[in-house]
Amino acid sequence: MKTTVLQKLSRPEVFRLSDETHISRVHLRTPDLRRALDFYQRVIGFKVVERSKDEASLSATGSPPGFLAFTADRNAAPRRPRTTGLYHFAIRYPTRRDLANALRRIIAADRPIDGGSDHDFGYSIYLQDLDGNGVELYFDLPRSEWPIRNGLIVVHRNEPLDFDNFLGAAASDSISAHAAAGTDIGHLNLHVADLAEGEKFFGDFLGLEITAHLGPNGRFLAAGGYHHHVAINTWAGKTAAPENSVGLISYRFAVPDVRVLAELKERAHRFGYEAQTAGDVLQIRDPNGHWLEVETAGNSKPVGTSLSRPFAWG
Ligand SMILES: [Fe+2]
């Protein structure tokens with residue numbers, strides 16, 4: 001049905017990212033690349049896609065694209081508690097059994113677990129990597145089972161995970177050493193200084209929709225009706241971490257249409273956000289000072305290109 005002029009006037013145009021949008025990469029700064037890679041290979045079960053002296057990327061199978069990238073910086077500032085930036089990034093497993101196997105690997109490696117949750121829309125396990133980055137491992141229940149009311153995800157059940165029961169879903173006799181194919185990064189949770197600023201950046205500018213209100217201090221935002229691609233909260237105060245802090249450098253979204261990059265670049269200027277192009281990747285400075293990157297799906301570069309170029313501006 002054609003939109004009439006009157007409809008356009010009465011309903012200001014809202015920019016939305018398409019349903020196929022997903023997170024394609026998280027990039028972390030580490031003081032010890034060897035140690036970081038050991039953790040993500042041995043404990044999390046990922047495989048190295050590409051590696052140079054100071055840079056590396058990993059994926060579930062070792063096949064490109066690498067969805068978790070590292071840059072080594074021995075002089076990186078230590079993480080400080082109660083600063084804005086990464087709360088956790090979340091590794092999504094294709095099945096409950098795959099998540100249970102991941103839990104068994106963590107237990108076998110004798111790594112501490114911060115907790116686990118039985119949500120209305122899935123199961124989550126929380127831990128920290130060796131640099132203190134928050135890492136969530138999770139599995140989504142089928143969308144048909146998510147509790148949705150008035151277009152919002154109902155987030156009211158947050159029961160502690162029954163670990164013994166949950167482990168029953170894992171293979172009984174042997175622990176798989178590797179994450180399952182199809183494992184990816186499903187969402188990010190960010191501490192922000194100002195919720196309204198966060199909503200403006202991720203909602204009004206980027207085009208994610210608010211999918212849940214977590215009380216007065218937290219929001220879920222997503223494309224395509226997902227429960228959340230980004231969560232924002234003000235739980236850690238307003239202090240920014242040092243620019244070269246251990247942890248998050250950038251996070252990347254993949255969109256299906258290259259025209260979205262041009263539109264976002266123009267929108268960034270209109271909104272007053274710093275934006276630049278690094279090869280085929282658009283980078284926009286988020287309110288925390290990190291790079292939000294946007295690429296077209298399937299755009300991942302061969303070894304070296306995707307890793308080295310955007311770093312030069314970081
Ligand atoms: Fe999360």
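This is a predicted model: local features need pLDDT of at least 70, side-chain atom pairs count only at pLDDT 80 or more; totals for chains, interfaces and linings use all residues.
Helix 5 is followed by G207, a residue whose phi is positive, near 95°. The protein chain contains seven helices and 19 strands, and 41% of its 314 residues count as buried.

- Helix 5 spans residues 195-205, and its buried residues are G198, F201, F202, G203 and F205.
- An α-helix has 3.6 residues a turn, so residues three or four places apart point the same way.

- Strand 13 and strand 14 are antiparallel and pair over four bridges.
- Within this pairing, E209 stands opposite A222 in strand 14.
- The two strands form a hairpin with four residues between them. In the turn, G215 has a positive phi of about 65°.

**Contacts and the nonpolar core**

- Among contacts in the protein chain with a separation of 6 or more, 68% are between residues 24 or more positions apart.
- The largest nonpolar core has 69 residues. Those with the most contacts inside this core are L68, L99, L137, I185, L208 and V230.
- Strand 16 (residues 247-255) gives the most to this core, contributing six residues.

- Eight strands form an open sheet with mixed pairing, in the order 2-3-4-1-16-19-18-17.
- Strand 2 (47-51) and strand 17 (275-278) stand at the edges; each has a single partner strand, so one side of each is left without a neighbour in the sheet.
- On average, neighbouring strands of this sheet are turned by 25° against each other, direction ignored.
- Strand 1 (residues 22-30) and strand 4 (residues 68-72) run parallel and are joined by five bridges. In this pair, L28 stands opposite F70 in strand 4.
- In a regular strand the side chains alternate between the two faces of the sheet.

**Helices lying across the sheet**

- Helix 2 (residues 33-43) lies across strand 1, strand 2, strand 3 (55-59) and strand 4. The helix runs at about 160° to strand 4.
- Helix 6 lies across strand 16, strand 17, strand 18 (281-285) and strand 19 (291-296). Its direction is at about 25° to strand 18.

**Backbone features in loops**

- Most residues other than glycine have a negative phi, and most peptide bonds are trans.
- The peptide bond from P64 to P65 is cis, with omega near 0°. P65 lies in the loop between strand 3 and strand 4.
- R82 is not a glycine, yet its phi is positive, near 55°. This residue is found in the loop between strand 4 and strand 5 (85-93). R82 counts as exposed because 11 other C-beta atoms lie within 10 Å, and a residue is exposed with 12 or fewer.
- N150 is likewise not a glycine and has a positive phi of about 50°. It lies in the loop between strand 9 (148-149) and strand 10 (152-153). N150 has 5 C-beta neighbours inside 10 Å and therefore counts as exposed.

Note on methods: Residues are numbered from 1 along each chain as its sequence is written. A residue is buried if 20 or more other C-beta atoms lie within 10 Å of its own, exposed if 12 or fewer, and partly exposed in between; C-beta atoms are placed from the backbone. Two residues are in contact if their C-beta atoms, placed from the backbone, lie within 7 Å. A nonpolar core is a set of buried Ala, Val, Leu, Ile, Met, Phe, Trp, Tyr and Cys residues joined through C-beta atoms within 7 Å. Two strands pair if DSSP finds at least two bridges between them. Axes are lines fitted to C-alpha atoms, for helices over the stretch in contact, and angles run from 0 to 180 degrees between N-to-C directions.
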